[in-house]
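Subject: Structure for your review

Dear colleague,

Please find the sequence and the structure below. My notes on the structure follow.

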Amino acid sequence: MQAPEQIWILPLWQWAAFWVAALAFRSKHAVRFVLGLGLGAILARLGWGLLHFAQVFSGGFAAAWLEEPAWGGWLAPETGFSVLFVPVGPLVFVPWAHGFKARRRYAAAACRALAPGFAVARLGCVWAGCCSGETLGGEPAVGFAHPTALYELLGWALATAVLARIPGSWVPGFFLMIFGGLRLATEPLRAPPPLGAPDLDPFWIALVWFSVGLGELSIRLRTKGDRLGEPTRARAK
């Protein structure tokens with residue numbers, strides 16, 4: 001857990017991640033995407049509350065929120081958020097009524113923009129020294145702690161480069177596999193949350209995202225070519 005004096009840094013990095021993603025979006029319906037990012041940010045905090053429902057709404061923790069609703073309880077930056085719920089926001093704002101190609105272009109652009117945004121958010125965790133993992137040997141105060149935030153930062157940096165080069169029709173499935181896969185890979189290395197074990201295991205949420213991505217990518221790989229009609233960097237001459 002980060003030191004108290006470093007907590008204030010996290011909202012600044014999250015705000016930076018929001019704008020990195022917004023500026024990285026390269027398609028029509030940019031307003032939809034920005035609204036989706038805003039909804040995703042809200043869902044990240046609400047999702048964290050869902051994961052820790054019993055702890056949040058019981059005992060002194062709930063009392064602290066009632067006494068200081070503006071900046072106390074689960075609204076304070078140190079209480080946490082869950083990135084596992086963020087993609088739901090942009091998904092809600094997919095232009096469903098604009099046709100298949102418009103939906104696919106939006107989805108590809110959104111996924112390509114979210115990747116660097118997640119990288120910046122994890123850079124903030126590394127900077128603040130939070131979200132560290134289990135220590136080797138099992139002793140909480142001794143030894144090397146897995147830098148799980150750094151692992152995810154490197155994963156999203158690599159994902160940003162890969163998603164920029166593959167065909168657009170592959171991007172949503174590939175992104176969701178990375179999104180779920182990174183969490184599945186780091187979950188066993190994560191230190192227990194300050195509130196204790198969550199009521200809903202994040203492993204299953206990550207597995208759902210990974211499975212949806214695998215299914216989506218499998219469907220696209222059975223089709224011929226990139227049906228979005230957009231050039232990819234790999235094809236550019």
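This is a predicted model: local features need pLDDT of at least 70, side-chain atom pairs count only at pLDDT 80 or more; totals for chains, interfaces and linings use all residues.

Residues are numbered from 1 along each chain as its sequence is written, and side-chain values use heavy atoms, with hydrogens and water left out.

Overall organisation

The chain holds nine helices and zero strands. Helices (H or I, at least four residues) and strands (E, at least two) are DSSP runs, numbered from the N terminus. Of the 237 residues in the chain, 44% are buried; buried means under 20% relative accessible area, exposed over 50%, and partly exposed in between, with a 1.4 Å probe and protein chains only. Among contacts (heavy atoms within 4.5 Å) with a separation of 6 or more, 75% are between residues 24 or more positions apart. The chain exposes about 12500 Å², by the Shrake-Rupley method with a 1.4 Å probe, and carbon and sulfur atoms supply 70% of it.

Helix H7

Helix H7 spans residues 148-163, which is 16 residues. From its first C-alpha to its last, H7 reaches 22 Å, close to the 22 Å expected at 1.5 Å a residue; the expected span is 1.5 Å times one less than the number of residues. The buried residues in H7 are Thr-148, Ala-149, Glu-152, Leu-153, Gly-155, Trp-156, Ala-159 and Leu-163. They lie on the same side of H7, because they cover an arc of only 165° around the axis, where the arc is that of the directions from the helix axis to the C-beta atoms. An α-helix has 3.6 residues a turn, so residues three or four places apart point the same way. On the other side of H7, Leu-154 and Leu-158 are exposed.

Nonpolar cores

A nonpolar core is a set of buried Ala, Val, Leu, Ile, Met, Phe, Trp, Tyr and Cys residues joined through side-chain atoms within 4.5 Å. The largest such core has 38 residues, of which Phe-33, Phe-118, Trp-156, Phe-175 and Phe-179 touch the most other members. Two or more residues each come from helix H1 (9-24), helix H2 (30-51), H6, H7, H8 and helix H9 (202-221). H6 gives the most to this core, with 10 residues. Leaving aside residues up to four places away in sequence, Phe-179 touches Val-83, Leu-84, Pro-87, Phe-118, Trp-156 and Trp-209. A second, separate core of five residues includes Cys-125, Ala-128, Cys-130 and Ala-149.

Individual residues

Cys-125 is buried at 4% relative accessibility, and Cys-111 is buried at 9%. The count of disulfides (pairs of cysteine sulfur atoms within 2.5 Å) is zero.

His-29 is placed in the loop between H1 and H2. His-29 has a positive phi of about 65° although it is not a glycine, and it counts as partly exposed at 23% relative accessibility.

Phe-53 belongs to helix H3 (residues 53-56) and is partly exposed, at 49% relative accessibility. The C-alpha atoms of Phe-53 and Pro-198 are separated by 8.0 Å, although these residues are 145 residues apart along the chain.

Kind regards
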